[in-house]
Structures are given as structure tokens and as C-alpha cells.
Amino acid sequence: VTPVDPHNSLLGTARPVPRRQLLLGAATTTAAVAGGALLGAPASAAAAPDTILTEIPATENLMREHGVLKRLLLVYEEVGRRISARQPVPAGALSSAAGLIHDYIEGFHEALEEGYVFPRLRQAGVLVSTVDTLLTQHARGRQLTQAILASATRAGLARASTRASIASNLTLFVRMYEPHEAREDTVMFPAYRSLLSGTELAEMAELFSSEQSARFGKNGFAKVVTEVSRIETTLGIADLNQFTPPGH
Amino acid sequence: LSSRARRSGLTVLLGAAALLGGACGGGHGADKATVVGTAQLGGLGSVLTTSTGHVLYMFPPDAQRHVTCVRLCAASWPPLTAANHVPPKAGSGVQQSLLGTDRNPAGGLSVVTYDGWPLYTYADDVKPRQASGQALDLDGGYWYVMAPSGQPITVGASP
């Protein structure tokens, strides 16, 4: 595995980064504040200072997947806005967005949480009731996605009743997942990180990366981001500048 | 993936499955049989469950032959396991003759089968008698609860 700088890897300018630099950098921001302080456990005590980080840290991996979800929630909001304004909605854009949520978020990202993150927290007796709520929300989200996918057709979007049902499901989905992912980023992942030694963190990173490659091939994350950009372009929300309010 | 990470990941995943299995009644000591029971669910009727009432699912791609849900699929759908050489036991309403086991491709404990279908729990069913995975399309196919007759119940879940 090639050592990479996670901030440059998608641009093809990978360079080695000392593990300690990355782990300690993260530890002084989120983990130490939210996780380490909460649980009284050092985030990276076992990290060797002279080793090289070969993968993006497991929790950062999960958080950047949340970035994908956030962009897809913006797509859902735009589709909902168009439905409310009785404007045309490209069926392909909606079905592609829902398809990405189904395959990448629900089939992959949430499976990582269900298989590795949540059981570890449960095992440690940490945030157990929150874990149950998050799992329940995964189940509800998957049901909503299945309904959205079933309706995201040209014929479905042409019927007023179906458009109303799609808009309602999109609103419910966005409303649930915004606090869901925010809670995971700020509370669950730091707590999870604080439970792992540096060695375990490195192993999890390798495992998460391997699972992603098995499901989506090499550079799977970059492919997903490219697909999200394509959907945004179709809906006219790709230009970041358009979200900047006018200044004085 | 290094063998070290594979071992560790497998340990964690199996730990997760054991944790869920334990909560779902699939946990067992070396000589304790896994018990399959039934529960009555609104809209679905009588369905197979673990001994603690957690609903069990079948997965059509298994083709009534062997376990195909592995790796991350098994993270969302932990299989119901049985100690090797300890046959699973039928609880009330369950036919002992339909119970069996299949080798788990991930290694470790055998997977309990019913009329040849490997049985799985759903990670998101946090309470007994929940069937939030019913008729869900995930991990390459739909998931269905099973009647004690051995027939899948394909009633769709509407959001």
C-alpha cells in the first residue's frame, strides 16, 4: 500500500506523512476534546512516532463519507425545492442520487458503522442508547430510500400525487440525516476513536479502505465524488459560488 | 490487506456478530444449543425469531443452499450461529426437522438454516419483534422474514 497524504491523494500528488503528525493533529482537535475528555482515554497513545500512515484514519474515512452524504442531501433539497416550485426534475438525477445513497451510504458506510463502530461502543457501554437511535434511523432511512428509488422515474415525477410523496420522503430523509451525521461526527466517532489504540486505528483504516476497494474498486471514493459532481451539474448546483450571499 | 488487519477485522466483526447474536439469542457456550422460536407480528403473522424474540430473515440469493452474505453484508445482517456439533433446537411452533446448519464462509461458528435457508438477524432491529428489514432491498437482494412452515413471507414494507 502506498503511503499517502489524504489531502492530496485524490489529486494524484500523494506524499508520505508521518503517522504521528496526523494522529496527533486529529487528537488535538476532535478526539481529545469530545472523545478523550469524555472517556478519559488517550486517542493515540500507542502510535509509533516513526511509522508512516498508510491509510486515511478510519474516523476521517467515515467523516468524508458523511461529506458525500451532505452533498447528496443538498441534491435532495434542490429536488424538493423544484417539486414545490412546480419546476421540472430530471428523473435521472434523482435516481442517481438515491442510488448512491443506497449503494454507498446505506450498503457500505452504514455497514461499516454497524459492523465495527457501533458494536465497539456498545461493548464498552458507551453511548448505548444513542447507538440504538442511530440504528433505528439507518432502518428508516433505508425504507425511505427504497420508496424514493421506486418513484424516481419519469412517469413517477409526472404524477402530482407521486411528486408530493417524493417531496415528503425527501424532506423526511434530509430532516433525519442532518442531525444524524452531525451527531456521529461530533460525538460518536470521537468516542469510538478514543476506544482504539493507535495500532487498532491503523488496522481499522486499512480494513475500511480494503472494504471500499472490494465494493467500489480502486479510487472508489474519487469515483463517487465525481458522480456526485455530475448530479450537481445536472441540477445546476455545482458552482460553489452560487451559495455565497452578496456582500456590501 | 495485511494478515494482521484481516485477523483483527475478523475478530472485531465476529465480536460484533457475537454481540448482536448474544443479544438476539444466538450466543452460546461450547455446548449450548441455539434455539429458534416464533413470534406473532402484525401484518406478517407468525415468523421465526431468535430465543430473545429478534426476527430472523432469509436472503433469496442464498438459493436455499448456502451462505452468500459475507463481509460487510454480514455486518448489517449478522447470521444466526450455532456451536459446531451442537444442532440448533426448535422452540415453540418451529419444526425441528427443518433446522440445520451451513458452513460459514467467514469461518468460525456454523450458520443456522431453516428448510435450507441460512438465517440472519438485522443489525437495525434494536428490539425484539421488530422487522424493519422486511422486504428491504439491500446488499444485492431483498430480505424476508420466514414463516414456521419454511416459506418466506414477501409482504412488502411500506415506509
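**Figure 1. Where chain A meets chain B in this predicted model.** Chain A puts 32 residues into the contact, and chain B puts in 28. Put together, the two chains bury about 2,700 Å², with 58% of that on carbon and sulfur atoms. Over on chain A, the residues that lose the most area to chain B are A:Q143, A:Q146 and A:E203, which together make up 19% of what that side buries.

**Figure 2. Salt bridges and polar contacts between chain A and chain B.** There are 3 salt bridges between the two chains. One to look for joins the side chains of A:R215 and B:D139, at 3.1 Å from N to O. On the chain A side, the elements that give two or more residues to the contact are α3, α4 and α7. Helix α3(A) supplies the largest share of that side, 12 residues.

**Figure 3. The largest nonpolar core.** This one has 60 residues, and A:Y76, A:L94, A:L121 and A:F208 have the most contacts inside it. At least two residues each come from α2, α3, α4, α6, α7 and α8 of chain A, and also from α2 (72-76) of chain B. Helix α3(A) gives the most, with 16 residues. Zoom in on A:L94 and you'll see it touching A:Y76, A:V79, A:I148, A:A152, A:L157, A:I166 and A:L170, leaving aside residues up to four places away in sequence. Apart from this core lies another, of 20 residues, including B:L44, B:V47, B:V55 and B:F59.

Figure 4. A:E113 sits in helix α3 of chain A. Beyond four places in sequence, A:E113 touches A:L62, A:H66, A:F118, A:P119, A:H138, A:E184 and A:F189.

**Figure 5. Positive phi at A:N219 and B:R129.** Neither residue is a glycine, yet phi is about 55° at A:N219 and near 65° at B:R129. A:N219 is in the loop between α7 and α8 of chain A, while B:R129 is in the loop between β8 (117-118) and β9 (136-138) of chain B. With 54% relative accessibility, A:N219 counts as exposed; B:R129, at 52%, counts as exposed too.

Notes:
Residues are numbered from 1 along each chain as its sequence is written. Chains are lettered from A and ligands numbered from 1 in the order in which they are written. This is a predicted model: local features need pLDDT of at least 70, side-chain atom pairs count only at pLDDT 80 or more; totals for chains, interfaces and linings use all residues. Side-chain values use heavy atoms; hydrogens and water are left out. A nonpolar core is a set of buried Ala, Val, Leu, Ile, Met, Phe, Trp, Tyr and Cys residues joined through side-chain atoms within 4.5 Å. Buried means under 20% relative accessible area, exposed over 50%, partly exposed in between (1.4 Å probe, protein chains only). Helices (H or I, at least four residues) and strands (E, at least two) are DSSP runs, numbered from the N terminus. Contact means heavy atoms within 4.5 Å. Buried area is the accessible area (1.4 Å probe) that two parts lose on being put together, summed over both. A salt bridge is a side-chain nitrogen of Lys or Arg within 4 Å of a carboxyl oxygen of Asp or Glu. A polar contact is a pair of N or O atoms within 3.5 Å; within protein, one must be able to donate a hydrogen and the other to accept it, and residues adjacent in sequence count only if both atoms are side-chain atoms.
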